[in-house]
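The points can be read in any order after the first.

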Amino acid sequence: MKHEVKEIPTERMVLNFGPSHPATHGVFRNILELDGERILDVEVEIGFLHSGFEKLGEHRTYNQFITIADRMNYLSPLNNDIGYVLAVEKLLGIEVPPRCQYIRAIMCELNRIADHLVSIGMHAVDVGAFTVFLYAFKQREIIYDLLEFVTGSRMNNSYPRVGGLMSDAPEGFEDKVKDFADHFLPTVDDIERLLTRNRIWVDRNKGIGAISAEEAISWGLTGPCLRAAGVEWDIRKTEPYSSYDHFDFEIPVGVRGDSYDRYLVRMEEMRQSNRIIQQAIANLPGGEVNVDDPKIILPPKERVYHSIEGLIHHFKLIMEEHGFQTPRGEIYSATEVPNGELGFFIISDGTNKPYRIHVRAPSFINYSVFPQLIKGHMISDVVAVISSLNIIAGELDR
Amino acid sequence: MDSVEGNQALAKLKATYPDSILEAKEFRGDITVTIKKENLLSILQFLRDDEELKFNHLASISGIDYLKMEDVEGRLAVVYHLYSLKNNRRLAIKTFITGDSLEIDSVYSLWKTANWQEREIYDLFGITFKGHPALKRIFLPEDFEGHPLRKDYPLEGRGERSRFDYEEE
């Protein structure tokens with residue numbers, strides 16, 4: 001008997017991906033137009049987590065904004081904080097002592113590793129490799145314990161201050177960091193063995209969400225997403241801050257700019273971050289962590305509790321309508337955070353609060369390319385591409 | 001440190017567009033050039049495509065409301081922060097929005113990253129970008145009234161929160 005093949009009529013279907021979807025890792029909505037499983041068009045709707053951080057910044061003193069800066073990207077709060085205080089320090093025209101710069105660099109790199117571990121771990125879970133997630137999160141836990149030991153909190157650390165740090169690194173800091181750095185690399189190798197040549201992983205990521213170098217620059221991509229496309233640009237190298245020019249490290253780049261290359265770049269960046277940590281801890285300078293300027297830096301607590309001068313000094317910096325003032329001017333300061341270029345554009349009118357503060361958030365700009373990356377791919381690729389872009393909704397919506 | 005006098009990009013810009021540059025300022029090594037709104041597109045294209053300058057990365061677009069800064073003439077402004085991957089140089093181009101229409105050319109034709117960044121400014125400042133492919137609000141709901149980042153918009157809002165009817169449900 002002969003089968004008669006009939007043409008099956010298909011029609012386009014609209015599918016809502018989000019706002020609440022386990023693979024968006026945050027709240028945003030993708031409206032997918034599908035032909036079968038193929039994606040014809042995407043419309044992205046964001047803003048569900050819009051909190052008016054920039055408006056709020058205009059009504060808070062410079063040090064108060066630190067807590068807002070780290071809540072934007074809750075996976076790498078220290079990088080955000082340090083990016084922000086560096087911007088204010090540029091506005092003030094001050095430079096922090098070498099010990100502070102080194103500690104900041106160590107904290108930045110620890111947080112970068114933690115961020116990349118989450119990014120890769122979640123990416124792996126989203127395409128079905130659960131084991132990797134456990135390996136990654138075990139190490140992340142060690143980093144978070146370390147961050148807690150230094151800053152007092154696991155997330156949203158608010159550790160740096162304008163002109164220095166909340167406090168010097170506690171006793172035993174060097175040994176703990178060294179211990180972590182010496183034992184971290186085997187985990188990267190484990191993940192590498194589980195994923196890099198894993199047939200399913202390669203099939204799910206290679207050639208998915210690819211972008212050329214030229215297009216990536218036009219879309220304003222930065223960080224691992226840009227480097228995966230083959231552009232060798234890292235702000236830590238080109239515009240070094242926090243003593244990054246003292247350290248020897250490489251910038252990994254990809255070739256195809258797809259999800260797979262973004263994964264490879266992040267893997268290598270973790271190794272390089274580990275190198276930076278090892279160099280920084282081996283050469284950690286002594287001395288003060290804060291700039292010697294009582295107009296900016298809070299007095300030590302002993303002075304506040306035991307002398308009236310200390311108390312007045314404390315109040316002068318903390319009370320409403322007080323706090324240090326910045327010279328009038330407009331600055332833009334950029335740092336390399338795990339997701340790319342984090343820029344702070346601050347306008348000062350000479351008071352103790354910023355007149356306007358604009359955040360160039362890498363998640364926001366990296367995500368705008370998503371519709372172009374996903375068009376023509378399958379619906380199951382959506383999660384792989386979102387994860388490989390590492391979108392943090394708090395930073396996306398600000 | 002860059003200075004206004006020694007900046008190559010600024011010298012070139014002045015030579016090519018002598019009438020369009022209103023002011024050039026240096027602060028902490030950042031050069032900000034204020035230009036006339038009419039020549040925005042051609043100046044940015046010149047900076048992007050010039051073989052020597054190559055400001056090919058548009059890092060950020062920000063809106064500013066100068067309402068509370070009395071000594072600044074003009075109210076709304078847009079700043080473009082450019083970066084040259086070739087020369088490792090940054091340059092900020094500022095232009096004031098004059099006239100009643102609050103309109104400025106979209107730079108989407110030069111950099112695609114302008115798409116969402118211009119929508120953000122449209123949403124929060126109410127500046128319209130001429131030639132933008134899909135100009136609509138990005139963070140706030142479509143029926144939202146007002147533009148929160150303007151200086152005459154209060155921090156606590158204009159009673160939007162009390163309009164949620166929890167009780168009636």
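In which helix of chain A is the place of Val383(A)?

1. Val383(A) sits in helix α16 of chain A. Helices (H or I, at least four residues) and strands (E, at least two) are DSSP runs, numbered from the N terminus. Val383(A) is buried because 22 other C-beta atoms lie within 10 Å. The terms are set as follows: a residue is buried if 20 or more other C-beta atoms lie within 10 Å of its own, exposed if 12 or fewer, and partly exposed in between, with C-beta atoms placed from the backbone. Thr24(A) is 359 residues away from Val383(A) in sequence, yet their C-alpha atoms are 7.3 Å apart in space. Apart from neighbours within four places in sequence, Val383(A) is in contact with Ala23(A), Asp126(A) and Val127(A); two residues are in contact if their C-beta atoms, placed from the backbone, lie within 7 Å.

2. A word on the model and its conventions. This is a predicted model, in which local features need pLDDT of at least 70 and side-chain atom pairs count only at pLDDT 80 or more, while totals for chains, interfaces and linings use all residues. Residues are numbered from 1 along each chain as its sequence is written, and chains are lettered from A and ligands numbered from 1 in the order in which they are written. For the complex, the predictor gives an ipTM of 0.90 and a pTM of 0.90. Chain B has a mean pLDDT of 86, with 93% of its residues at 70 or more; pLDDT is the predictor's confidence in each residue, from 0 to 100.

3. Helix α16(A) also packs against helix α11 (residues 259-282) of chain A, at an angle of about 30° and with the axes 9 Å apart. α11(A) is therefore roughly parallel to α16(A). Axes are lines fitted to C-alpha atoms, for helices over the stretch in contact, and angles run from 0 to 180 degrees between N-to-C directions. Angles under 35 degrees count as roughly parallel, over 145 as roughly antiparallel, 65 to 115 as roughly perpendicular and the rest as oblique. Ser259(A), Arg262(A) and Tyr263(A) of α11(A) meet Ala384(A), Val385(A) and Ser388(A) of α16(A). This contact has three nonpolar, two polar and one charged residues. For these classes, Ala, Val, Leu, Ile, Met, Phe, Trp, Tyr, Cys and Pro count as nonpolar, Asp, Glu, Lys and Arg as charged, and the others, Gly among them, as polar.

4. How do α4(A) and α5(A) lie to each other, roughly parallel or roughly antiparallel? Helix α4 (residues 98-126) of chain A and α5(A) have axes that come within 8 Å and cross at roughly 160°, so the two are roughly antiparallel. The residues of their contact divide into 17 nonpolar, two polar and one charged.

5. For α2 (residues 65-72) of chain A and α3(A), the axes come within 7 Å and cross at roughly 135°. α2(A) is therefore oblique to α3(A). From α2(A), Phe65(A), Ile66(A), Ala69(A), Asp70(A) and Met72(A) meet Pro77(A), Asn80(A), Asp81(A), Tyr84(A) and Val85(A) of α3(A). By class, these are seven nonpolar, one polar and two charged.

6. Ser158(A), which is not a glycine, has a positive phi near 50°. Ser158(A) is in the loop between α5 (130-151) and β4 (160-161) of chain A, and counts as buried because it has 20 C-beta neighbours inside 10 Å. Arg28(B), also not a glycine, has a positive phi of about 55°. Arg28(B) is in the loop between β1 (21-27) and β2 (30-35) of chain B, and is partly exposed, with 17 other C-beta atoms within 10 Å.

7. Chain B has three helices and seven strands, in the order α-β-β-α-β-β-β-β-α-β along the sequence. Of its 169 residues, 34% are buried. Its C-alpha atoms fill a box of roughly 65 × 35 × 30 Å along the principal axes.

8. How many residues does each chain give to the contact between them? Chain A gives 35 residues and chain B gives 29 residues. On the side of chain A, the elements giving two or more residues are α1 (53-57), α3 (77-92), α8 (213-218), β6 (329-337), β7 (340-348), β8 (354-360) and α14 (362-367). The largest share, five residues, comes from β6(A). By class, this side of chain A has 13 nonpolar, twelve polar and ten charged residues.
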